[in-house]
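Trainee: Could you walk me through the pockets of this protein, with a close look at one of them? I would also like to hear about the packing inside.

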Amino acid sequence: MGSARNILLLSSSRLHGHGYLEHARGQLEDLFKSASVKTVLFVPYALRDHDKYTDTVRDALKPWGYHVEGLHTKPDREKALREAQAIFVGGGNTFVLLRTLYELKLLDPIRELVLQRGLPYVGSSAGTNVATRSIHTTNDMPVAYPPSFEALALVPFNINPHYLDPEAGSQHKGETRDERLREFVTYHGLPVLGLREGTSVRVQGEKATLLGECNAKLFKTNGGAEELAPQADISFLLQK
């Protein structure tokens, strides 16, 4: 079912010292060129101002030779998705994004197009969260309430974007990110990939690769954790 997948899941759109999406240019162009993409359909529902958000992405991709259109401007959204060369689901608030995808009945069409027809999918932050099994491992505040936390399930595991290591010597007594992610694994029995800033996951069919300049941290279903180096083959995570 996932053999048609052509997916790039970014931890974030911004990285310190780089312009918007600049750190991921090579990864984005690799995906776009693999499918001869010239126009990207942007899904802006994770932020309130859809026009402004689409303009931000357009300004970033236009100098690279790509045209950007906003899904929110299309009178028939399902038709726009079917005709799209690639879709990019932007970051923002994951709960707002997923609620909107449910309200507009877009989850099933996107899932079918990506898994069965090979529509290239780029997700960043919240757009990465909704590509996974569920949004339980987002960092966002639940400012909106989707009918379910179940998401697109383009990959059969969860991701924690913007993953931060526990601060050594911290006097903070609240739960660390690690403790919260391990709690999720205990309750749900799903692995979680902690993507540090600047890292991403590239999925091509049944092959998944970790990209970027630093490690990712995998929280495993046995309660352990493992550091994964850049370019690591993480295809085992695609096995249900």
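Mentor: Happy to! Let's start with the lining of the largest pocket: 13 residues surround it, and those nearest its centre are His 136, Thr 137, Thr 138, Arg 180 and Leu 181. Please keep in mind that this is a predicted model. The volume of this largest pocket comes to about 340 Å³. Helix H7, residues 177-188, supplies the largest share of its lining, with six residues. By class, the lining of the largest pocket holds seven polar, four charged and two nonpolar residues.

Now for the packing. In soluble globular proteins, nonpolar side chains tend to be buried together. In this model the largest nonpolar core has 47 residues, and Leu 101, Ile 110, Tyr 121, Val 130, Leu 193, Val 201 and Ile 234 have the most contacts inside it. Helix H5, residues 107-117, gives the most to this core, namely five residues. Take Leu 193 as a worked example: leaving aside residues up to four places away in sequence, its contacts include Phe 157, Ile 159, Leu 218 and Leu 228, along with Val 201 and Ile 234. Finally, a second, separate core has 22 residues, among them Phe 32, Val 37, Trp 64 and Ala 86.

Technical notes: Residues are numbered from 1 along each chain as its sequence is written. This is a predicted model: local features need pLDDT of at least 70, side-chain atom pairs count only at pLDDT 80 or more; totals for chains, interfaces and linings use all residues. Side-chain values use heavy atoms; hydrogens and water are left out. On a 1 Å grid over the protein atoms alone, a cavity is a set of points where a 1.4 Å probe fits but cannot get out, and a pocket is an open set with protein on both sides within 12 Å along at least five of seven lines; lining residues have an atom within 4 Å of a point. Grid points are joined across faces, edges and corners, and a volume is the space filled by probe spheres set on the points. Helices (H or I, at least four residues) and strands (E, at least two) are DSSP runs, numbered from the N terminus. Ala, Val, Leu, Ile, Met, Phe, Trp, Tyr, Cys and Pro count as nonpolar, Asp, Glu, Lys and Arg as charged, and the others, Gly among them, as polar. A nonpolar core is a set of buried Ala, Val, Leu, Ile, Met, Phe, Trp, Tyr and Cys residues joined through side-chain atoms within 4.5 Å. Buried means under 20% relative accessible area, exposed over 50%, partly exposed in between (1.4 Å probe, protein chains only). Contact means heavy atoms within 4.5 Å.
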